[in-house]
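Reader: I have a model open and would like to talk it through with you. Could we start with the surface and then move to the charged residues?

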Amino acid sequence: READLVVVNTDLPRAYRTLLREADLGLRPEQTKRSRTKTPVKDFAKKWGGKDYSCGVIGFYWALDRKVDYLQHHNVLLGAPAESKKAWEPITSA
């Protein structure tokens with residue numbers, strides 16, 4: 001199948017190993033011209049496969065005996081206000 005965009009809710013290395021393992025076959029020539037091997041997706045997967053990585057989120061499951069109006073079913077909790085901007089910076093900018 002073709003897609004202009006893929007949204008994945010799994011670890012990036014797993015997505016490349018499973019969902020995107022044949023993605024190079026569907027690339028247009030302009031998408032492979034900067035790749036020495038002409039398989040940029042496979043190359044990226046190989047690069048990530050050799051790295052150590054960890055969970056990007058800590059999930060909390062709370063049992064409460066009352067309604068907390070400011071909490072919804074999905075919440076993002078950040079550190080202190082001084083650190084909140086830093087928390088949203090991409091890891092690649094570090």
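Reader: Which residues make the nonpolar surface patch?

Author: In this predicted model, the nonpolar patch is made by Ile58, Phe60, Trp62, Leu64 and Leu77, and it covers about 630 Å² of the surface.

Reader: Where is Ile58 found, and is Ile58 buried or exposed?

Author: Ile58 is found in the loop between helix H3, residues 40-49, and helix H4, residues 81-88. Ile58 has a relative accessible area of 66%, and because the cut-off for exposed is over 50%, Ile58 counts as exposed.

Reader: Switching to charges: how many salt bridges does the structure hold?

Author: The structure holds three salt bridges. One of them joins the side chains of Glu30 and Arg28, with N to O at 2.9 Å. Another is formed by Asp65 with Arg66, where the closest N and O atoms are 3.4 Å apart, and Lys67 forms a salt bridge with Asp69, with the closest N and O atoms 4.0 Å apart.

Reader: What about Asp24, then: where is it, and what is the nearest side chain of opposite charge?

Author: Asp24 is found in the loop between helix H1, residues 12-17, and H2. Asp24 is buried yet has no salt bridge, and the nearest side chain of opposite charge, that of Lys42, is 7.0 Å away.

Reader: Why does that not count as a salt bridge?

Author: Side chains of opposite charge can pair when their charged atoms come close. A salt bridge needs a side-chain nitrogen of Lys or Arg within 4 Å of a carboxyl oxygen of Asp or Glu, and because the side chain of Lys42 is 7.0 Å away, Asp24 has no salt bridge with it.

Reader: So which atom of Lys42 lies 2.9 Å from the side chain of Asp24?

Author: That is the backbone nitrogen of Lys42, which lies 2.9 Å from a polar atom of the Asp24 side chain. Leaving aside neighbours within four places in sequence, Asp24 is in contact with Thr39, Pro40, Val41 and Lys42.

Reader: What does the side chain of Ser35 reach, and which residues does Ser35 touch?

Author: The Ser35 side chain reaches the backbone nitrogen of Thr39 at 3.4 Å. Not counting residues up to four places away in sequence, Ser35 touches Pro40 and Asp43. Pro40 is also among the contacts of Asp24.

Terms used. Residues are numbered from 1 along each chain as its sequence is written. This is a predicted model: local features need pLDDT of at least 70, side-chain atom pairs count only at pLDDT 80 or more; totals for chains, interfaces and linings use all residues. Side-chain values use heavy atoms; hydrogens and water are left out. Patches are made of residues with over 30% relative accessible area and no salt bridge: like charges are joined within 9 Å, nonpolar side chains (Val, Leu, Ile, Met, Phe, Trp, Tyr) within 5 Å. Accessible areas come from the Shrake-Rupley method with a 1.4 Å probe; for residues, only the protein chains shown count as cover. Helices (H or I, at least four residues) and strands (E, at least two) are DSSP runs, numbered from the N terminus. Buried means under 20% relative accessible area, exposed over 50%, partly exposed in between (1.4 Å probe, protein chains only). A polar contact is a pair of N or O atoms within 3.5 Å; within protein, one must be able to donate a hydrogen and the other to accept it, and residues adjacent in sequence count only if both atoms are side-chain atoms. Contact means heavy atoms within 4.5 Å. Lys and Arg count as positive and Asp and Glu as negative; His and the chain ends are not counted.
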